[in-house]
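Okay, thanks for coming, everyone. Let me put it up on the screen.

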Amino acid sequence: MRSSDRKNTDMRAIKITADINKFAMGSALIELGDTKVHCTASVAFTVPRFLRHSNPAQGWLTAEYAMLPSATPTRTKRERPQVGGRSQEIQRLIGRSLRGVIDLHKCPDLTITVDCDVIQADGGTRTAAINGAYVALRMATDKLYRSGRIDSDPIHHKVAAISVGIKDGEYLCDLDYEEDSNIDLDMNVVMTDDGGILEVQGTAENRSFNKEQLAGIIDIAAASIRNIYQCQEQALANLRND
């Protein structure tokens, strides 16, 4: 039995609250077990220099990720002036995941910046950040479309992510920190709602893994990710009904 009394293929409790920041174009707080991430999407009506003369015109989306000092039991130092290697890796993953579901040619001459700040960390912060960031991005693009800033909906798929590990030959879904610290294999899977895979990040800690295990991990991830889509849609529906 897992430390959280979950079955091996069960996720932790998930809750997403949309529109928690009145200044951001889109925002969400995601709670995944004891992991909590604050996500915002901000829009600037300009693009990076390398896109200024692109033909056809397109926009840009970038992401930033940070762990707040009190997010872990031992205070984490603020990453300044430079972002640490781990945070760079995670924010690039978030950016790639979101760019995989948005047509930036439908967002010409604007830059969307998604910020993901970990308020409390207990494993799975990068996957939680992707799940919350999608809701913030969806809010922002909806507002841009309704206001006439863009001509059509640029989001073509939902995106969500989950971690799956293997310990002593058993699959474990949605690892908390204690599990992640003692796992034999840890993978983060990012998928779209049509079953497409945007990213698989895997690391074997103590032993190698085979193709059958990889397929098993993706199957478990896909089943859990379907639940995340529902949570994302419910958070957005609650916002629309307010």
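Let me start with a question: does Arg138 count as buried or exposed? It counts as buried, because its relative accessibility is 9%. For the cut-offs, buried means under 20% relative accessible area, exposed means over 50%, and partly exposed is in between, with a 1.4 Å probe and protein chains only.

Quick housekeeping before I go on. This is a predicted model, so local features need pLDDT of at least 70 and side-chain atom pairs count only at pLDDT 80 or more, while totals for chains, interfaces and linings use all residues. Residues are numbered from 1 along each chain as its sequence is written, and side-chain values use heavy atoms, with hydrogens and water left out.

Back to Arg138. Arg138 makes a salt bridge with Asp153, and the closest N and O atoms are 2.6 Å apart. Arg138 sits in helix 2 (residues 125-146) and Asp153 in the loop between helix 2 and strand 6 (159-167), so this pair ties together parts that are 15 residues apart in sequence. When I say helix or strand, I mean DSSP runs numbered from the N terminus: H or I with at least four residues for helices, E with at least two for strands. And by salt bridge I mean a side-chain nitrogen of Lys or Arg within 4 Å of a carboxyl oxygen of Asp or Glu. Asp153 counts as partly exposed, because its relative accessibility is 32%. There's also a network here: salt bridges link Arg138, Asp142 and Asp153.

How many salt bridges does the rule give? Eight. One of them I want to show you is Arg12 with Asp174, where the closest N and O atoms are 2.9 Å apart. That pair links distant parts of the chain, 162 residues apart: Arg12 is in the segment before strand 1 (14-18), and Asp174 is in the loop between strand 7 (170-173) and helix 3 (177-180). And are these two buried or exposed? Arg12 counts as buried at 8% relative accessibility, and Asp174 counts as buried at 0%.

Then there's Asp184 with Lys167, a salt bridge with an N to O distance of 4.0 Å. Asp184 is in the loop between helix 3 and strand 8 (185-192), and Lys167 is in strand 6, so the pair ties together parts 17 residues apart in sequence. Asp184 is buried, with a relative accessible area of 5%, whereas Lys167 counts as partly exposed at 28%.

Okay, strands. Two strands pair if DSSP finds at least two bridges between them. Strand 3 (residues 35-44) and strand 5 (residues 111-120) pair in the antiparallel sense, over nine bridges. On to strand 4: strand 4 and strand 5 run parallel, joined by eight bridges. There, Met67 has Val118 in strand 5 as its bridge partner.

Now some backbone geometry. Where is the cis peptide bond? It joins Asn55 and Pro56, with omega at about 5°. Pro56 is in the loop between strand 3 and strand 4.

Asp19 has phi near 60°, and Asp19 is in the loop between strand 1 and strand 2 (26-32). With a relative accessible area of 38%, Asp19 is partly exposed. Asp109 has a positive phi too, about 65°, and lies in the loop between helix 1 and strand 5. Asp109 counts as partly exposed at 44% relative accessibility.

Last stop is the loop between strand 4 (60-67) and helix 1 (85-99), where you'll find Arg75. Arg75 counts as exposed, because its relative accessibility is 56%. Ser70 is in the loop between strand 4 and helix 1 as well, and Ser70 is exposed, with a relative accessible area of 63%. As for distance, the C-alpha atoms of Ser70 and Ser97 are separated by 27 Å, and the two residues are 27 residues apart along the chain.

That's my tour, so over to you.
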